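Trainee: I have this model open and would like a close look at a single part of it. Could you walk me through the place where the two chains meet, and then show me what else is worth a visit?

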Amino acid sequence: MEDQVSDRRRFLKSAIAGSAAAAVGIPNKSEAQAPGAGTAPAKPPPAAGYAYLNPEEQAFVEALVDHMIPADSNSPKGTDVGINIYIDRACAGSWGKGDRLYQSGPWKLGAPSQGYQLPLTPAELYRAGIAATNRYSVKTYGKSFDRITPEQREQLLTGLADGKIALENGPPAAVFFGVVYQTVMEGMFADPIYGGNRDKAGWRMVGFPGVIATHQRNIVTYKNKRYPVEPLGIADVS
Amino acid sequence: MAKKLKEVEVVLVGLGWTGGILAKELTEAGMQVLALERGAMRTPETDFSVPQIRDELRYSARHDLMQNTNRDTLTVRNNPQQEALPMRQLGSFLPGNGVGGAGSHWNGHTWRWDDIDLKVRSFYEERYGKKYIPEDMTIQDWGISYAELEPYYDRFEYTAGISGKAGNLKGRKVTGGNPFEGARARDYPLPPLEPSLAGEMFQQTAQSLGYSPFPRPTANASRAYTNPDGSKFGACQYCGFCERFGCESNAKGSPNITVIPIAMRSPNFELRTHSWVTKVLLDSTGKRATGVAYTNIETGEEFEQPANIVILCAYQLNNVHLMLLSGIGKPYDAVSGKGVVGKNYCYQTGASAVLFFEDKIFNPFMATGGIGLLIDDFHANRDFDRGPFGFLGGSTIGAGLYHGRPISFRPTPPGTPRWGKGWKEATAKWYLHAMTIGSSGSVMANRVNTLDLDPTYRNPFGQPLMRMTFDYKANEHKISNMTADVINKIGKAMNPTLMTPAVARTTPWSVVPYQSTHNTGGAIMGTTPASSAINKYLQSWDVHNVFVMGASAFPHNSAYNPTGPVGALAYWAVDAIKGPYRKNPGPLVSA
């Protein structure tokens, strides 16, 4: 827990000195072209500022992504992959503002088969969900989500995911967790231009080669064989 | 006050596959054509270029080429007792938007629907008796035969550059093709795609079990191709960014590289993008259309566009919506069974299994939208006895991964944690080592599966949204059961390390997870005005100068994908429009 807090302070300090390029999550060229960095030790995270999340939300999201994506031989931890930055940018951008969401009322709960029915945009849902989850965390464990133990976090996230927890004055737990899960996975696997999947860590983890894909011959040559290739993102070939 | 424009001969509402086909054919016949498309212009050079098009987040997760539900959506419910609520974001299906429509971002699967579908009621009545068909199953014959459509299927296949292998050439069975397909005059224009490992493994096992696997017919060019109109295709690169994406290699048969650019070169053609048609305008008798009302959604200006002929070429749902908003044809009433517009809305069903092989490497990212081997033994096969199962219709079943994009494709075995170290280990371990066996099942029309106007929710023009009432019925559940059993039988015989078995569907249809953009019906074709909205030439029974293209014309949904008959019917209808109708405007079939 203490590590989490000091990590965060270090992160905030470096964020202040951050460059504009790093702030939008564009990997610099040397990083993008580093060969075979899949199992290399994690580099210190590039500096990045937050565009949407407030300090309480930043702490929540950092703790969340490091819990869901812990560091191991498969990839660095969530904040080192930039998933927190991905989520912040997603909330700050057009998706977070509901650019593709039908937003007219009246709003009714409906049946699960009728899909999302809340009057909240995705960014608003994130905000309301974090606040309600932290209230639950303080009430249940005495501390906010970023300060509870990993076991308590696991218990709380499982409760959210299964809809077993009722978030007082908050969105339905499973609906909130649905958007959390979706964005964590997007931050892990979307193209690095969006701020996550730093150094293509998510793609390296599974073996996805990225944007260059001319496999007319490969589909024969590499049938039932591993296709060894350095993954490339949009920024690498732009 | 809408500005009244100069009259045109033909106005097309929407410029995708059907609008493109009509634009090309009618302008070549010397007719003056205006297309109104509510989305933007789209060309491969500008919109589908690498690396930007290889962006899973933008195009797949965020639906960049699709209809924006912020602007237009519909309301949904499972049954007439439920209150319909808006589909606030896309999920279950993804209607296209912009020039090319869904034809830009489809996978390419192209089938010839045969008389087992086109004469669906007759087939089952003759085979199993009238009582075999449930009372609430409102299926009907289409009023057109496979023999009539055969040359038009051929036309579409050669236009779109379909790769495949014939299984029935003029009645002669051909080994390696689909033995259950209708007789075709000639083979596909292109040989089948290179099979993937998953497809080959499925093929071997299916064959050993006595089924007849064949390569999926699809609009992914297996080699460079020039179609009969002179449109040039590149060879498919198996890039794994097909469905939901435009093709940068010009290898996907799409209207953007075929019929639309040809029409665009014609002096008889005009395209206006960002032009949202809100209504088809009728004269005082209500029996003749005078044109359309539309709004330029970049400027907000409203226009009245007079036209001699109005042809609806939008997505299935939007065609039906426009009919309802314009008062063309009597709206269907599920209680009395009277009326026609909104009747027989259908969808598709399915079941699938995931197979994990420790010792195989599938490289799922080396793929194309139509790759795969499949069997038709449980759908077009007339010898498949449905009697013991008690259903009508069936499923196609097949395998062949069509992408490995990791936001959505991360197969893990049952029991895998949803996050954390265990999730990471399983995700990393199995990504290259998993394949799926999937299926596509038919949906028979039901009395209460309908489309009408919603009483509460509205679009930005203040018009009521369309309301969809849909759920799977006993027939679909029985198909799903049978399909899951066959999939699991094949899957087990493939001897995987682990398997997530196929499970028959029992839960209500949900708008949330993606299932299929094969919505059909609502403005159905048929033999009488009492039972259908349009005749066999896709002409409105009530308003003879309105024609309605697309899958809205289908009286029920097959296990096959819809684009084959969508394309064939467009070519079939345009022959009637530029021929007999132009010479003698009036009903092409007397009521």
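Mentor: Happy to. Keep in mind as we go that this is a predicted model.

Let's start at the interface, from the side of chain B. Here 60 residues of chain B are in contact with 53 residues of chain A. Several elements of chain B supply two or more residues to that side: the helices α3 (56-61) and α11 (420-430), along with the strands β4 (74-77), β5 (85-86) and β20 (450-458). Among these, α11(B) gives the most, with 6 residues. If you colour this side of chain B by class, you will find 28 nonpolar, 19 polar and 13 charged residues.

Now turn to the partner. Of its 238 residues, 48% count as buried. Among the contacts in chain A with a separation of 6 or more, 63% join residues 24 or more positions apart.

A word on confidence for chain A: the average pLDDT is 85, and 80% of the residues score at least 70. Over residues 1-40 of chain A, however, the pLDDT is below 50, and this stretch has 46 contacts in the model beyond near neighbours in sequence.

Val443(B) lies in the loop between β19 (434-441) and β20 of chain B. Is this valine buried or exposed? Val443(B) counts as buried because 28 C-beta neighbours fall inside 10 Å, and the cut-off for that label is 20 or more. Leaving aside residues up to four places away in sequence, Val443(B) touches Cys346(B), Tyr347(B), Gln348(B) and Thr349(B), as well as Glu476(B) and Asn557(B). For a distance to check in your viewer, take Asp471(B): 28 residues separate Val443(B) from Asp471(B) along the chain, and their C-alpha atoms are 10.0 Å apart.

One last stop in chain B is helix α13, residues 563-583. Its 21 residues reach 29 Å from the first C-alpha to the last, close to the 30 Å expected at 1.5 Å a residue. Even so, α13(B) bends by about 35° at Ile577(B), and a proline, Pro580(B), follows within four residues.

Key: Residues are numbered from 1 along each chain as its sequence is written. Chains are lettered from A and ligands numbered from 1 in the order in which they are written. This is a predicted model: local features need pLDDT of at least 70, side-chain atom pairs count only at pLDDT 80 or more; totals for chains, interfaces and linings use all residues. Two residues are in contact if their C-beta atoms, placed from the backbone, lie within 7 Å. Ala, Val, Leu, Ile, Met, Phe, Trp, Tyr, Cys and Pro count as nonpolar, Asp, Glu, Lys and Arg as charged, and the others, Gly among them, as polar. A residue is buried if 20 or more other C-beta atoms lie within 10 Å of its own, exposed if 12 or fewer, and partly exposed in between; C-beta atoms are placed from the backbone. pLDDT is the predictor's confidence in each residue, from 0 to 100. The expected span of a helix is 1.5 Å times one less than its number of residues. The bend at a residue is the angle between axes fitted to the seven residues ending there and the seven starting there.
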